[in-house]
Amino acid sequence: MYRISNLTDNDDIRILESAGAFTVIEYLRDLSVSPQSAMNAYFCDAMNVRKRQVICELSKSPVTVQAGAMQWMVGDVNATTGIKGVGDLFGKAVRGKASGESAIKPEYTGSGTLVLEPTYKYLLLLDVGQWGGSVVLEDGFFLACESSLRHKAVMRSNLSSAVAGGEGLFNLSLVGNGIVCLESSSPKEELIEITLENDVLKIDGNMAVAWSGGLEFTVERSGKTLLGSAVSGEGLVNVFRGTGKVLMAPVDKV
């Protein structure tokens, strides 16, 4: 039996969002400062640069997290590698190498509470079921998810997507029903959600955060010809085709 005090009930902390096993909290002020860092903390607060954390209630669902993301845990919490055998280890190693994500993501089970490391990035909760049961993530955005979601490495629709676009050939895809938590450089209030119905979205820049697994993703010339692309001044664009959703940041991710 345990009780946590002065966390979510602290008047300097507010709950931003809750879904499934996850609760996102934000520190309204950074009180752990010295005289030398007080000015910096003051202006960070004015610009919404605040510490945020994810609290995971394992009694609601086991969770899988990015390696090294755990800060503390209490109660009945069991940490495993999530590996179910040699074949599973090989598959995860290949998928991690392909997608650029960590090969081994710890899985936490039990009925206790797990708290992840604080971050100054924005924390977003997505319900994969509302994305047609499959969502593809841009590299570096995954933080944690409910363990009911299956992880897959999905290949770009053409080789030129990786070569011309200057990115990897694979992305991490989550399949099933459950909640995933993302780390983003842009707040939820600024993210643009575009719903396609057998249509095409072209983005000049690396601004897509996540997209439905059913969409075809390629990198193409902005014009039909090399001359047309040169005249438009755009060159190559990221192209999403089909039916589904795209979550897009207003600026290139950093």
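At 22% relative accessibility, E220 counts as partly exposed, a class that lies between buried (under 20% relative accessible area) and exposed (over 50%), as judged with a 1.4 Å probe and protein chains only. The model is a predicted one, in which local features need pLDDT of at least 70 and side-chain atom pairs count only at pLDDT 80 or more, while totals for chains, interfaces and linings use all residues. Residues are numbered from 1 along each chain as its sequence is written, and side-chain values use heavy atoms, with hydrogens and water left out.

E220 is joined to R241 by a salt bridge in which the closest N and O atoms are 2.6 Å apart, a salt bridge being defined as a side-chain nitrogen of Lys or Arg within 4 Å of a carboxyl oxygen of Asp or Glu. Because R241 lies in strand β18 (residues 236-248) and E220 in strand β17 (residues 216-221), this pair ties together parts that are 21 residues apart in sequence; helices (H or I, at least four residues) and strands (E, at least two) are taken as DSSP runs and numbered from the N terminus. R241 is also partly exposed, with a relative accessible area of 28%.

By the same rule, the count comes to nine salt bridges. Side chains of opposite charge can pair when their charged atoms come close. A network of salt bridges links R14, E26, D45, R50 and R52. Since R14 is placed in strand β1 (residues 13-19) and E26 in strand β2 (residues 22-27), the pair connects parts that are twelve residues apart in sequence. The side chain of E26 also meets that of R52 in a salt bridge of 2.9 Å, N to O; with E26 in strand β2 and R52 in strand β3 (residues 52-57), the parts tied together here are 26 residues apart in sequence.

A second polar contact, of 3.5 Å, joins the side chains of E138 and N171. E138 is located in the loop between β10 (134-137) and β11 (142-146) and is buried, with a relative accessible area of 3%. Strand β11 holds C145, which at 0% relative accessibility also counts as buried. C145 and L126 are 19 residues apart in sequence, and their C-alpha atoms are 9.4 Å apart in space.

Across the whole structure, one cavity of 30 Å³ or more is found. The largest cavity has a volume of about 30 Å³, a volume being the space filled by probe spheres set on the points, which are joined across faces, edges and corners. The largest cavity is lined by E138, N206, A208, W211, F217, N238 and F240, lining residues being those with an atom within 4 Å of a point. The elements that give two or more residues to this lining are β16 (208-212) and β18.

Two asparagines have a positive phi, in each case a positive value in a residue other than glycine. For N48, found in the loop between α1 (38-46) and β3, phi is near 65°, and the residue is partly exposed with a relative accessible area of 26%. For N198, which lies in strand β15 (residues 192-203), phi is near 50°, and the residue is exposed at 68%.

Terms used: Polar contact = N/O pair within 3.5 Å; in protein donor to acceptor, adjacent residues only side chain to side chain. 1 Å grid on protein atoms, 1.4 Å probe; cavity = no way out; pocket = protein on both sides within 12 Å on 5 of 7 lines; lining within 4 Å.
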